[in-house]
Amino acid sequence: MPSSDAVAVTRGRRLGIDVGAVRVGVALSDPDGVLATPLRTVPRDVAHGTDLATIAALVAEHDVVGIVVGLPRTLAGREGPAAEAARAFATALADHLEAAHVAVPLEFTDERLTTVVATRQMRESGRKGRRQRAVVDQVAAVAILQGWLDARR
């Protein structure tokens, strides 16, 4: 089960995850935990779990030492349906990793407005429509992970 406690600060790459209803944005940090960069957008697959398998493969491929999942809260700090969905996804991912004998701690971090900010950044950079949607989840994942990394330095 994912923890809301802080992941021990050790050297190594971390994965940032922005859970959406249609896509999951994934970002990756450098081994020193200084910079988050976009990695991939994974289509959600609640029915078959291919999204979980894809992310587990990324964890193994990049030797990830921790996963940071964005927890969307309302401006008042409450958790709604999106936060429940993020928690359910994180639990399913933790179970998938455990079944694969991969011990990587998961942590939640507040992600209020990251998708809104990411969408605005994409629009301002000239990306619109389908090209924007394909990248906005990665940009939100970068914002989630970068905020977490900055808070630990």
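This report covers a strand hairpin and the salt bridges of a predicted model.

## Basis

Residues are numbered from 1 along each chain as its sequence is written, and side-chain values use heavy atoms, with hydrogens and water left out. Because the model is predicted, local features need pLDDT of at least 70 and side-chain atom pairs count only at pLDDT 80 or more, while totals for chains, interfaces and linings use all residues.

## The hairpin

Strands β2 (residues 23-29) and β3 (residues 36-43) pair in the antiparallel sense, over seven bridges. Strands are DSSP runs of E, at least two residues; helices are runs of H or I, at least four, and both are numbered from the N terminus. Pairing needs at least two DSSP bridges between two strands.

Val24 has Val42 in β3 as its bridge partner. Six residues lie between the two strands of this hairpin. Gly33, in the turn, has a positive phi of about 70 degrees.

## Salt bridges

The whole structure holds six salt bridges. Each is a side-chain nitrogen of Lys or Arg within 4 Å of a carboxyl oxygen of Asp or Glu.

Asp137 and Arg23 meet at 2.6 Å, N to O. Asp137 sits in helix α4 (residues 129-152) and Arg23 in β2, so the pair ties together parts 114 residues apart in sequence. Asp137 is buried, at 7% relative accessible area; Arg23 is partly exposed, at 26%. Buried means under 20%, exposed over 50%, partly exposed in between (1.4 Å probe, protein chains only).

Glu107 bridges to Arg152, with the closest N and O atoms 2.9 Å apart. Glu107 is in strand β5 (residues 106-110) and Arg152 in α4, so this pair ties together parts 45 residues apart in sequence.

## A network

Salt bridges link Arg73, Glu79 and Arg87 in a network. Within it, Glu79 and Arg73 meet at 3.7 Å, N to O.
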